[in-house]
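Reader: Hi! Could you walk me through this one in plain words?
Author: Happy to, let's take a look together.

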Amino acid sequence: MPPGAARPPQPPQVPDELAGAELDALAHDDTYAETELVDAELRAQHARGVTLETVRLRGVDLSGSQLEHLSLADACLSGCNLANVQARAAGVTRVRIDSSRLTGIAFTEAALHDVTVEGCRVDLAAFGFSKLARVTFADCLLAHTSFLEATLESVRFHDCDLSGADFRGAVLRRCEFRRVDLSGLEGVLSLRGAAMPWADIVGMAGLWAGALGIENLDAD
């Protein structure tokens, strides 16, 4: 790995075989461990301090839930609906999420470590004031998502739409942007500390010029 390169996330430690469970509600401060949930309808849950550890969720609908202080560790989520989930001060560690909907999810004041999000809608989401370390977003829609005042270390954005995203006040260390759409980005100067291919840098020259107030002499 080249010096200063972003470090990839550690994968979740989830065994191939997990006991299936039937669940129709989440309770405050409860722990759900070493289990698999399939096609569970858990919309609009209101539960604080829930722990999900060593779990596999497939086709689970948690949309509109209030899950403050959620703890999610060693988890694989596939085909899930997490739209508009409010998870302030969550702790997310060694988690993989794929082919899922996270539109409007709010991981504010949260800690996300060793997380992979692939092939997901994460538009209109909020990671404000959160700490993200070794997180990869791959082939994701992140349009108008906020990283306001967030700290990002070894965060990778590959083949993502970040148009209209907000990085104002964010701090980036060893972050990568590859083949991303940054049109309409807010907080361009906060990308200091990021790396991207030269072709992408040149292709977004207008974005850098606008952020620095450089005028185009060739304009009519």
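**Contacts, strands and cysteines**

Author: Leaving aside residues up to four places away in sequence, A40 touches L23, G59, V60 and D61, where contact means heavy atoms within 4.5 Å. This is a predicted model, numbered from 1 along each chain as its sequence is written. Local features need pLDDT of at least 70, side-chain atom pairs count only at pLDDT 80 or more, totals for chains, interfaces and linings use all residues, and side-chain values use heavy atoms, with hydrogens and water left out.

Reader: Thanks! Where does A40 lie?
Author: A40 lies in the loop between β2 and β3. Strands here are DSSP runs of E with at least two residues, helices are runs of H or I with at least four, and both are numbered from the N terminus.

Reader: And is A40 buried or exposed?
Author: Buried, with a relative accessible area of 8%. The cut-offs are under 20% for buried, over 50% for exposed and partly exposed in between, using a 1.4 Å probe and protein chains only.

Reader: Which way do β2 and β3 run, parallel or antiparallel?
Author: β2 and β3 (residues 51-58) pair in the parallel sense over 7 bridges, and A33 stands opposite E53 in β3. Pairing requires that DSSP finds at least two bridges between the two strands.

Reader: What about β1 and β2?
Author: Strand β1 (residues 19-20) and strand β2 (residues 31-38) run parallel too, joined by 2 bridges. There, G20 stands opposite E36 in β2.

Reader: Nice. How many helices and strands does the protein have?
Author: 2 helices and 11 strands. Along the sequence the pattern is β-β-β-β-β-β-β-β-β-β-β-α-α.

Reader: Switching topic: how many disulfides are there?
Author: The structure holds 0 disulfides, a disulfide being a pair of cysteine sulfur atoms within 2.5 Å. For C120, the nearest cysteine sulfur is that of C140, 5.0 Å away. C160 is in no disulfide either, and its nearest cysteine sulfur, that of C140, is 4.9 Å away.

Reader: Are C120 and C160 buried or exposed?
Author: C120 is buried, at a relative accessible area of 3%. C160 counts as buried as well, at 4%.

Reader: Last one: what does the C-alpha trace of the protein span?
Author: About 65 × 35 × 25 Å along its principal axes. The C-alpha atoms of A40 and A205, 165 residues apart along the chain, are separated by 47 Å. Of the 220 residues, 49% count as buried.
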